[in-house]
Amino acid sequence: MDKIYIKGGRELNGEVTVSGAKNACLTLMPLSILTDEPLKMRNIPELSDINTMKQLLNSLGSNIQSDRSMGFLQIHTKKISNHVAIYDIVRKMRASILVLGPLLAREGRARVSLPGGCAIGARPVDLHLFGLEKMGAKLDLKDGYINASVSGRLQAATIEFPSVSVGATENLIMAASLAKGTTVLINVAREPEIIDLCNCVNSMGGRIEGIGTSKLVIEGVDSLKGTEHKVIGDRIEMGTFMLAPAMAGGKVKIKGCSPIYLRSFIEKLVDTGVDIEFGDDEVIVNRQNDYLNPINVVTEPFPGFPTDLQAQMMALTCLARGKSTLEEKIFENRFMHAPELIRMGARIQVQGGMASVIGVASMKGAPVMATDLRASVSLILAGLASKGETLVSRVYHLDRGYENIEKKLLGCGAEIKRVA
Ligand code: UD1
């Protein structure tokens, strides 16, 4: 199994371009089920999660063509040949649940394996099911599968989510786009990836209003056509690369995503004392101070501080001068990077959903183990800023969400390589 070797302590200088947003792709790809015409997408990253979604759509009958070098992907689902999303694929990636709404809307039936929990939390799908039931779906949970059906078309409804869920919002947007009548979704997630999904639906002939707000009004249409869509840049990847020079020192330009999507993260990074220059689709991060200020972070749904950047920000606070706190409000078990960072010399105490970090003057490289996607990259950041050698194992987590990360960091002067 591959590992990532890092020799830390080098300043980083250069330029990085972030890839297309993984989480946007993972909802745009199942969106293709809603039309019998081709959906063409650009700026698709080469990631194992994208391959898993391709495998799932293939199993349902989609024809998929891609040109990896160009980041191009075309999905054409002329006919659904199979209504079952099998456990073997769904267990690899929770976002597989996003085929449920589109299959129901197009075919009136679907059988999708329950995703089950994962390392960072229980992650139920009750909100997805709550919404689809309101639209007339009959749901039956049996043998680990959701059996869903509807007689005729899904019916429009007014659905107020009791709490905010990215995935449930996406499933319901797709379901409502082909339903009969006008659906109102209240208390929806407002992540940029959801805005990207809505824009793509509208360019396929859908009618969504209120895009980017917490209330969406979706007039169902009889059919959607194909379109060509450029996926937005990955804000989480941009945030991750911003932390690299902030921690290791140096000056790096990060391009390919609007910094507007990272406002709450950037506010905290500015508080640490790092210099940031902004462009439309780029930022330049410059670490000039010889110390970092401590910060207090609370993760929240967008536009709050993203849970997907909590682990990476924790790595930075390990090197700040004083005490920082990080409160995780989205997932109940998302501090698994803490014990690994402690192995590198960090001082962290975790109690429930709260972590307190007392910054140390320097950390030291060590063999560490990745436990999930964002945890794995937090260890890479810590390795870059530590003295000595770090070896990160279980990097398959990393390959789910970071395209060519070693090459990108190498281009900025990092000493990093993948070893077998
Ligand atoms: C998406 C992102 C993930 C990110 C997360 C929160 C994708 C592919 N993944 O995951 O990277 O960390 O948003 O920003 O886009 N919940 C329920 N019932 C439900 C659904 C969710 O209780 O039916 C809970 C979850 O357990 C979690 C919280 O709601 O505690 C937020 O989850 P949700 O927003 O649904 O995250 P995902 O869509 O799974």
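Residues are numbered from 1 along each chain as its sequence is written, and side-chain values use heavy atoms, with hydrogens and water left out. Because the model is predicted, local features need pLDDT of at least 70 and side-chain atom pairs count only at pLDDT 80 or more, while totals for chains, interfaces and linings use all residues.

Helices (H or I, at least four residues) and strands (E, at least two) are DSSP runs, numbered from the N terminus, and two strands pair if DSSP finds at least two bridges between them. Strand 4 (residues 63–67) is joined to strand 5 by five bridges in the antiparallel sense, with Ser66 having Leu73 as its bridge partner in strand 5. The two strands form a hairpin with four residues between them, and Gly71 in the turn has a positive phi of about 65°. Strand 5 (residues 72–76) is largely enclosed by the rest of the structure, because four of its five residues are buried (under 20% relative accessible area with a 1.4 Å probe, protein chains only; exposed is over 50% and partly exposed in between).

Strand 3 also pairs with strand 5, running antiparallel to it over three bridges; here Leu39 has Ile75 as its bridge partner. Leu39 also stands opposite Thr227 in strand 14, where strand 3 (residues 39–42) and strand 14 run parallel and are joined by four bridges. Strand 14 (residues 227–230) has a covered face made of Thr227 and His229, and an uncovered one made of Glu228 and Lys230.

A further sheet is open and mixed, with four strands in the order 22-23-1-24. Its edge strands, each pairing on one side only, are strand 22 (367–369) and strand 24 (415–419). Neighbouring strands here are turned by 20° against each other on average, direction ignored. Strand 22 pairs with strand 23 (residues 389–393) in the parallel sense over three bridges, and Met369 has Ser393 in strand 23 as its bridge partner. Helix 12 (residues 373–385) lies across strand 1 (3–7), strand 22, strand 23 and strand 24, and runs at about 170° to strand 23.

Helix packing comes next. Axes are lines fitted to C-alpha atoms, for helices over the stretch in contact, and angles run from 0 to 180 degrees between N-to-C directions. The axes of helix 6 (residues 166–177) and helix 7 (residues 192–203) come within 11 Å and cross at roughly 10°, which makes the pair roughly parallel (angles under 35 degrees). In contact (heavy atoms within 4.5 Å), residues of helix 6 including Val166, Ile173 and Met174 meet Ile194, Leu197, Cys198 and Val201 of helix 7. Helix 8 (residues 235–248) and helix 10 (residues 310–317) pack at about 10° with their axes 10 Å apart, and are therefore roughly parallel as well. Among the residues that meet are Ile236, Leu243 and Met247 in helix 8 and Met313 and Leu316 in helix 10.

Finally, the cysteines: the count of disulfides (pairs of cysteine sulfur atoms within 2.5 Å) comes to zero. For Cys198, the nearest cysteine sulfur is that of Cys200, 10 Å away. Cys198 is buried, with a relative accessible area of 1%. For Cys412, the nearest cysteine sulfur is that of Cys257, 16 Å away, and Cys412 is buried at 3% relative accessible area.

How values were computed: Parallel < 35°, antiparallel > 145°, perpendicular 65-115°, else oblique.
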